[in-house]
Amino acid sequence: MLETTNINITDAEWRIMRVIWALDTVTSRQLINVLGESMDWKPATIKTLLHRLTDKGIIKTEKDGNKFIYSAVMDESRTVDLASKKFFNQVCAKKVGSAVAYIIDESELTQDDIDKIQDKLDHKQAVAEINCNCVPGECDCN
């Protein structure tokens, strides 16, 4: 079973996972059709990646006649959350703000995304103000 605190997925495996999450269940043939052309991957490459993801416990396999059906063990949101947490645990605490700013700069965001980020920042600011023990007007915490 997947250790839920240790997500270790390569870039190529993320591509496989995005297709699996989009389709819920998938056969290797479907993956070959979707990724074989767009990624210029050979069927053996896709099957190797599926095998690795299965060995890592990230996907599960069910046999249906002469084919295997692959599905995710965890949903996309939970997996992204854990991968993000792993990333930020590796970033120096003094560089977290820079990392977040870079991610925002490099990402295509919808208005809904921007609103969610703004809500989180507003909440963080309110918590910081509540936890501040400085004399009003003389605070350098913020």
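From the N terminus on, the elements of this protein run α-β-α-α-β-β-α-α-α. The model is a predicted one. The exercises below work through parts of it.

**Exercise 1. Describe the overall make-up of the protein: how many helices and strands does it have, and what share of its residues is buried?**

Solution. Start with the elements: the secondary structure comes to six helices and three strands. Next, take the burial of the chain. Of the 142 residues in the protein, 23% are buried. Last, look at contacts between residues at least 6 apart in sequence: 53% of them join residues at least 24 apart.

**Exercise 2. Work out the sheet: in which order do its strands lie, and which strands are at the edges?**

Solution. Step one is the order. The three strands form an open sheet in the order β1-β3-β2, and the pairing is antiparallel. Step two is the edges. β1 and β2 are the edge strands, because each of them pairs on one side only.

Step three is the pairing of β2 with β3. Strand β2 covers residues 59-64 and strand β3 covers residues 67-72; six bridges join them in the antiparallel sense. Two of the partners can be named here. Lys-60 has Ser-71 of β3 as its bridge partner, and Glu-62 has Ile-69 of β3.

Step four is the turn. β2 and β3 make a hairpin with two residues between them, and Gly-65 in this turn has a positive phi of about 65 degrees.

**Exercise 3. Find how helix α1 is placed against the sheet and against helix α2: at what angles does α1 run?**

Solution. Take the sheet first. Helix α1 lies across β1, β2 and β3, and runs at about 90 degrees to β3.

Now take α2. The axes of α1 and α2 come within 11 Å and cross at roughly 125 degrees. Angles from 65 to 115 degrees count as roughly perpendicular and those over 145 as roughly antiparallel, so α1 is oblique to α2. The crossing of α1 with α2 is right-handed. On the α1 side, the contact is made by Arg-15, Ile-16 and Val-19; on the α2 side, by Leu-31, Val-34 and Leu-35. Sorted by type, the residues of this contact are five nonpolar, no polar and one charged.

**Exercise 4. Classify Ser-28: is this residue buried or exposed, and which residues does it touch?**

Solution. First locate the residue: Ser-28 is in helix α2. Then apply the cut-off. Buried means under 20% relative accessible area, and Ser-28 has 18%, so Ser-28 is buried. Finally list its contacts. Apart from neighbours within four places in sequence, Ser-28 is in contact with Lys-47, Leu-50, Phe-68 and Tyr-70.

**Exercise 5. Examine Asp-24 and Asp-40: where does each lie, and what is its phi?**

Solution. Most residues other than glycine have a negative phi.

Asp-24 has a phi near 75 degrees, a positive value in a residue that is not glycine. Asp-24 sits in the loop between α1 (11-23) and β1 (25-26). The cut-off for exposed is over 50%; Asp-24 has a relative accessibility of 57%, so Asp-24 counts as exposed.

Asp-40 is treated in like manner. The phi of Asp-40 is near 55 degrees, again a positive value in a residue other than glycine. Asp-40 is placed in the loop between α2 (28-38) and α3 (43-55). Because its relative accessibility is 60%, Asp-40 counts as exposed.

Note on methods: Residues are numbered from 1 along each chain as its sequence is written. This is a predicted model: local features need pLDDT of at least 70, side-chain atom pairs count only at pLDDT 80 or more; totals for chains, interfaces and linings use all residues. Side-chain values use heavy atoms; hydrogens and water are left out. Helices (H or I, at least four residues) and strands (E, at least two) are DSSP runs, numbered from the N terminus. Buried means under 20% relative accessible area, exposed over 50%, partly exposed in between (1.4 Å probe, protein chains only). Contact means heavy atoms within 4.5 Å. Axes are lines fitted to C-alpha atoms, for helices over the stretch in contact, and angles run from 0 to 180 degrees between N-to-C directions. Angles under 35 degrees count as roughly parallel, over 145 as roughly antiparallel, 65 to 115 as roughly perpendicular and the rest as oblique. A crossing is left-handed if the near helix is turned anticlockwise from the far one by less than a right angle, and right-handed if clockwise. Ala, Val, Leu, Ile, Met, Phe, Trp, Tyr, Cys and Pro count as nonpolar, Asp, Glu, Lys and Arg as charged, and the others, Gly among them, as polar.
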